[in-house]
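Here's a quick briefing to read with the structure open beside you.

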Amino acid sequence: MHSRPLISSLLLLGTLSFAAACSPGPSEPPGSVGADARPGSPSTVRAVDPSTIKGLKIVNDNSEHASCRFATSYPVVPGAEAMTAAMKKDVEQRLSSFRTGACNDGPGDAEVPDFNISHQFLTASGDVLGVRLSTRDPHAAGSGLSSRTYWYDGRAAAYRTALGLVADGSTDSFLAAVKDQLQGRKGVDTAVLDDAFASPNRTAVLDDMAFTADGGLRVEFDRGDVAVPAAGSPTVTLSKETTTPWLSDFGKRAQRETVSPGGSLDLGAGHIPAQALPTATASGDDSTDCKKVKCVALTFDDGPAMPETATLLNSLAQYEARATFFVVGQNVAAHPELLRAEAKAGHEIGNHTWDHPALTRLTPQQIASQLDRTSAAVKATTGKAPTTLRPPYGAINQTVRDATSLSPVLWDVDPEDWKYRDSAKVAQTVISRTRRNDVVLMHDIHATSVAAVPQILRTLTARGYHFVTVSHLRASL
């Protein structure tokens, strides 16, 4: 990853204007909204507020190596350990395959494809939890897009696959109805269908199923599973009346908790301790004059994350240091309380997209969706929309600039903390390389990076540095 001088970023200042777009957009992973459904219609999948899930932790990982870019995430919910293990295994296997086939030590550029796994909650109510993981793999067959749903039955304390929503005795009837919906569609071949739905293959092929807001069942297929790749990713939606008689006991509970969520999730995890939140409050606007004193802007990407971001906020408060957090929208949705703590402490919040794709590989509409959804989530949580953008991997071109009025922010110092999970090494790199008015890039999803911050603050403070937000630094120069 190459550093970019701050002066080049200063030329990109712009004012913020965006249309808040909370409904799923075209850059969302497969399964969010199908081509046969309008956002907000009963046949779409109901939105779930993950911030209501007690003890929720999002496991994030990333690499910003120039030739091996990836970002993955999946949720950990207390009580659903078996489901977590299944997601963890799948993520690690897919990531390992990507790294084996795609990563090397050669030079890269902004156009290098990125591997991405993002998450979406489908149901989180009563004793039912449903999650979809969506993968963008540039080296996979077809479009490289795929998705899989994971279900947890709290009553039985068991992980369920998508087909676990259907009763064993009703599988044949269910499959016949799905096949009937697919027959005659462009690119669908009967022989391919028969093979896909055969007993050895059906669990892998029928691995993305979720209930709609009105109780119907949406079945989504990856490109090439039941039709020629050119036909796209077929989707079948069966009505509630058709589906309900075929559901397993768990499937009926999952349907009920999706249509009429109870507002709380109980998977039998026992007492879940409350997560301590930072309470620091900023004392008005920052009066630091960076023309007279040495300033540095610490920036943290990919959060918020619990407990890492909370720990970081406490460290910053001890030194009255202000920083800029470039947040990922799906993590904002999971931890809005951390975002509010960041804002109350006087830190700046910037936009780092919804699920960390390389923006240079998206269409203008997809870029706008990634950024607008995140800005809307930040504004809904803090009352203030971001004005700055940190493009994932530093990947930016004219198409990205034209798609948003957010001001891009790159960096001068990169300790590669995503690569070196060593707090002493990260701290020493930042301390040795930082100069006046530099922008430092770090990630608050890594505990080792957060652990490096106290030494950075202590040493640079002793050298006369003041820690300010990116926008304050720009305005002072």
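Contact here means heavy atoms within 4.5 Å. Helices (H or I, at least four residues) and strands (E, at least two) are DSSP runs, numbered from the N terminus. You're looking at a predicted model, where local features need pLDDT of at least 70, side-chain atom pairs count only at pLDDT 80 or more, and totals for chains, interfaces and linings use all residues. Residues are numbered from 1 along each chain as its sequence is written, and side-chain values use heavy atoms, with hydrogens and water left out.

**Helix pair H13 and H14**

- On the H13 side (residues 423-433), Ser423, Val426, Ala427, Val430 and Ile431 meet Thr448, Ala451, Ala452, Gln455, Ile456, Thr459 and Leu460 of H14.
- Sorted by class, that contact has 8 nonpolar, 4 polar and no charged residues (Ala, Val, Leu, Ile, Met, Phe, Trp, Tyr, Cys and Pro count as nonpolar, Asp, Glu, Lys and Arg as charged, and the others, Gly among them, as polar).
- The axes of H13 and H14 (residues 447-462) come within 8 Å and cross at roughly 40 degrees; axes are lines fitted to C-alpha atoms, for helices over the stretch in contact, and angles run from 0 to 180 degrees between N-to-C directions.
- H13 and H14 are therefore oblique to each other (under 35 degrees counts as roughly parallel, over 145 as roughly antiparallel, 65 to 115 as roughly perpendicular and the rest as oblique).
- The crossing of H13 and H14 is right-handed, that is, the near helix is turned clockwise from the far one by less than a right angle, with anticlockwise being left-handed.

**Helix pair H10 and H11**

- H10 (residues 336-344) packs on H11 (residues 364-382) at an angle of about 70 degrees, and their axes are 9 Å apart.
- That angle makes H10 roughly perpendicular to H11.
- Pro336, Leu339, Arg340 and Ala343 are the H10 residues that meet Val378, Thr381 and Thr382 in H11.
- This contact has 4 nonpolar, 2 polar and 1 charged residues.

**Nonpolar cores**

- A nonpolar core is a set of buried Ala, Val, Leu, Ile, Met, Phe, Trp, Tyr and Cys residues joined through side-chain atoms within 4.5 Å; buried means under 20% relative accessible area, exposed over 50%, partly exposed in between (1.4 Å probe, protein chains only).
- The largest such core has 33 residues, and Trp151, Phe174, Leu182, Phe197, Met209 and Phe221 have the most contacts inside it.
- Elements giving two or more residues to this core include helix H3 (171-182), helix H4 (190-196) and H7, with the largest share, 5 residues, coming from H3.
- Leaving aside neighbours within four places in sequence, the contacts of Phe221 include Val178, Leu182, Phe197 and Val236.
- Another core lies apart from that one, with 32 residues, among them Leu339, Ala377, Val413 and Val426.

**Helix H7**

- In H7 (residues 249-259), the buried residues are Phe250, Gly251, Arg253, Ala254, Gln255, Glu257 and Thr258.
- Their cover includes strand S3 (114-125), strand S4 (128-136) and helix H6 (240-243).

- Gly303 to Pro304 is a cis peptide bond with omega near 0 degrees, and Pro304 sits in the loop between strand S10 (294-301) and helix H8 (308-318).
- Met306 and Pro307 are also joined by a cis peptide bond, with omega about 10 degrees; Pro307 lies in the loop between S10 and H8.
- Thr353 has a positive phi, near 75 degrees, in the loop between strand S12 (348-351) and H11, and is buried at 0% relative accessible area.
- His356 has a phi near 70 degrees, positive as well, in the loop between S12 and H11, and counts as buried at 4%.
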